[in-house]
Amino acid sequence: MENSIVAKDEFKHFSHDHSLCLVYLQQQNPKNENDSDEDEDRDEEAEDAFVEENLHGGDCNMCKEHILSFDVCYYYCKPCDYSLHKFCAELPEIFQNHPLHPQHELSLVESDYYSNISGKIHKNFKDNEHPNLLHCPFDNEGDNLLKRHMSGKIELTGKQHDADTLNHSCHHHPLILFNKQTSDGEKTVSLHNPMKKIQQLCDGCVKPITTVPFYVCNRQADEQCCFILHEWCAKLPLKLQDYTGHPEHTLFLLPKVPSKFFSVFTCAICDLPSNGFAYGCMMCEFYVDINCAFIPEEIIHDAHPGHLLYKICPSNLVELCNACFTYIDRWGFRCPSCDFYIHVGCALLLYRVIKHKCDKHPLSLRYEPMENHISDYFCEICEDKLNPWKWFYHCTTCRQSTHTACVPLIAQYEQATDPMKIFMTCVYQFLNVKFGETLKIKGHPHRLTFVQGIPNDGTCFECGDPLFEGNMIFKCLECEFRLHYECASSLTVD
């Protein structure tokens, strides 16, 4: 098998004084008449099939990784033996609106620039093997050097792990792929089971983890770190381009929205609060949760069988959602032939069949009143009246009904509900919020837990106003200290 390198276009790169030629790594190509004897010797040495993967243009001078045969092509300066991956060479010298540092432009700098910054960054690389970094010129100490490989991959720090271990930028500990075959000593991880009051919500999509495999923090046992991810959520793309709701800017994957207290943001699509992963443009404060980031352009729904429903964007249309009877003032779906409208949340966030502690049988989602129903409808959870023309859950065996917003797929059977909010929407307001994390504020000796308020929580210790049932609050589990979410955000956090 004969290999050759074929030169193509020239390219001027800011990192090198000479023009670079685009060269291709090709197989079974006749020798070029202009090839030197040195090139011929190099080709002959590459004939061994066992070292085929070693055919490359040396190491990339930017990311310091090998340029292998499957890279197809690369940029090369022959007099200087200077090589760059095609991807690395085409990176912009100036990067604007980076999700981790949107306030300033970032400049691509070479490793020599920060060689005097001792012990601060990239401690896991060997000497003189630092990849290039993005640097903010307003930061003289280098603290905002973004530790990213210029290949666009998530940086893996420390030693490499096997295929069942993942170092992800969203978490500071390694993640272990947990499945039926996983042998992890005495550590056990339970699946989400509301019937047994076991809550296991993904930190990415904030949806229940009911099947294996999934990723769990390897420090769960010794450090009680409960970070957990669906396998799919751990492998999301790092960015979305030309997103329908915000096509003017690229949306970047944000494990936490840094500008929001406790990372709670409002999704621009479903209008629900969330503290899970988001795709966002920090410059425009545009954020969508990862569930809404991938909603389809058209769907088929059991509530309107036989017709396709097409995604529609917010407009001046004055139409009612056929699920909750509120106006379509945000994204939704529409059947153009029947003028059937439905919110995105009502269409995609309500499960067809669920289980709840209030009934030993599964509850089915209903779209209209039940036939031969002999009495008024009442919700078995909040005990208020139920409008059967709005979607609701029903058990045909026990003839019990519940509001859809009263049956969130979480563990707590005693979950607080706000009747005023129930009548406004079919979707539980905090369906995309994961409660339970803690924070420490100055002036109080105990940690506060992020929870949803229940009756008799009393008043806020900061502003003195009542803590309403169903709202996000911070509560001390060791004493009666409580705070509104908004009041806690204004206090100094330790």
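**Close-up views of the predicted model**

Tyr310 counts as partly exposed, at 37% relative accessibility. The views below are taken from a predicted model.

**View 1. Tyr310 in a nonpolar surface patch.** Tyr310 belongs to strand β19, which spans residues 309-312. Together with Ile300 and Leu308, Tyr310 makes up a nonpolar patch on the surface, and the accessible area of the three residues together is about 280 Å².

**View 2. The open sheet β18-β19-β20-β21.** Four strands form an open sheet in the order β18-β19-β20-β21, and their pairing is antiparallel. The edges are taken by β18 (298-299) and β21 (340-343), each of which pairs on one side only. Between β18 and β19 there are two bridges, in the antiparallel sense.

**View 3. The salt bridge between Lys311 and Glu297.** Lys311 and Glu297 form a salt bridge in which the closest N and O atoms are 3.0 Å apart. Because Lys311 lies in strand β19 and Glu297 in the loop between β17 and β18, the pair ties together parts that are 14 residues apart in sequence. Lys311 is buried, with a relative accessible area of 17%, whereas Glu297 is partly exposed at 48%. Side chains of opposite charge can pair when their charged atoms come close.

**View 4. The salt bridge between Arg352 and Asp302.** The closest N and O atoms of Arg352 and Asp302 are 3.2 Å apart, in a salt bridge. This pair links distant parts of the chain, 50 residues apart: Arg352 is in the loop between α4 (344-348) and β22 (353-356), and Asp302 is in the loop between β18 and β19. Arg352 counts as exposed, at 52% relative accessibility. Asp302 counts as partly exposed, at 40%.

**View 5. The salt bridge between Glu285 and Lys260.** The side chains of Glu285 and Lys260 meet in a salt bridge, with an N to O distance of 3.4 Å. Glu285 is in the loop between β16 (278-281) and β17 (286-289) and Lys260 is in the loop between β13 (251-254) and β14 (265-266), so the pair ties together parts that are 25 residues apart in sequence. Both residues are partly exposed: the relative accessible area is 42% for Glu285 and 30% for Lys260.

**View 6. A salt-bridge network.** Asp457, Lys475 and Arg482 are linked in a network of salt bridges. The structure holds 10 salt bridges.

View 7. Strand β9 (residues 175-178) is covered on both faces. Leu175 and Leu177 are buried on one side, and Ile176 and Phe178 are buried on the other. In a regular strand the side chains alternate between the two faces of the sheet. Strand β8 (residues 165-166) pairs with β9 in the antiparallel sense over two bridges, and Thr165 has Ile176 of β9 as its bridge partner. Strand β10 (residues 214-217) also pairs with β9 in the antiparallel sense, over four bridges. In β10, Val216 stands opposite Ile176.

View 8. Val212 and Pro213 are joined by a cis peptide bond, with omega about 0 degrees. Pro213 is located in the loop between β9 and β10.

View 9. Most residues other than glycine have a negative phi, and most peptide bonds are trans. Asp242 has a positive phi, near 55 degrees, and sits in the loop between β12 (239-240) and β13. At 64% relative accessibility, Asp242 counts as exposed. Glu383 has a positive phi, near 65 degrees, and sits in the loop between β23 (359-366) and β24 (392-395). Glu383 also counts as exposed, at 64% relative accessibility.

View 10. The mean pLDDT of the protein is 75, and 70% of its residues reach 70 or more. For residues 137-161 the pLDDT is below 50, and this stretch has 58 contacts in the model beyond near neighbours in sequence. Residues 409-417 also have pLDDT below 50, with 36 contacts in the model beyond near neighbours in sequence.

How values were computed
Residues numbered from 1 in each chain as written. Predicted model: local features only at pLDDT ≥ 70, side-chain atom pairs only at ≥ 80, totals over all residues. Heavy atoms only, no water. Patch = residues over 30% accessible without salt bridge, like charges linked within 9 Å, V, L, I, M, F, W, Y side chains within 5 Å. Areas by Shrake-Rupley, 256 points an atom, 1.4 Å probe, with all protein chains shown as cover. Salt bridge = Lys/Arg side-chain N within 4 Å of Asp/Glu carboxyl O. Buried < 20%, exposed > 50% of the residue type's maximum accessible area, 1.4 Å probe, protein only. Pairing = 2+ DSSP bridges. pLDDT = per-residue confidence, 0-100. Contact = heavy atoms within 4.5 Å.
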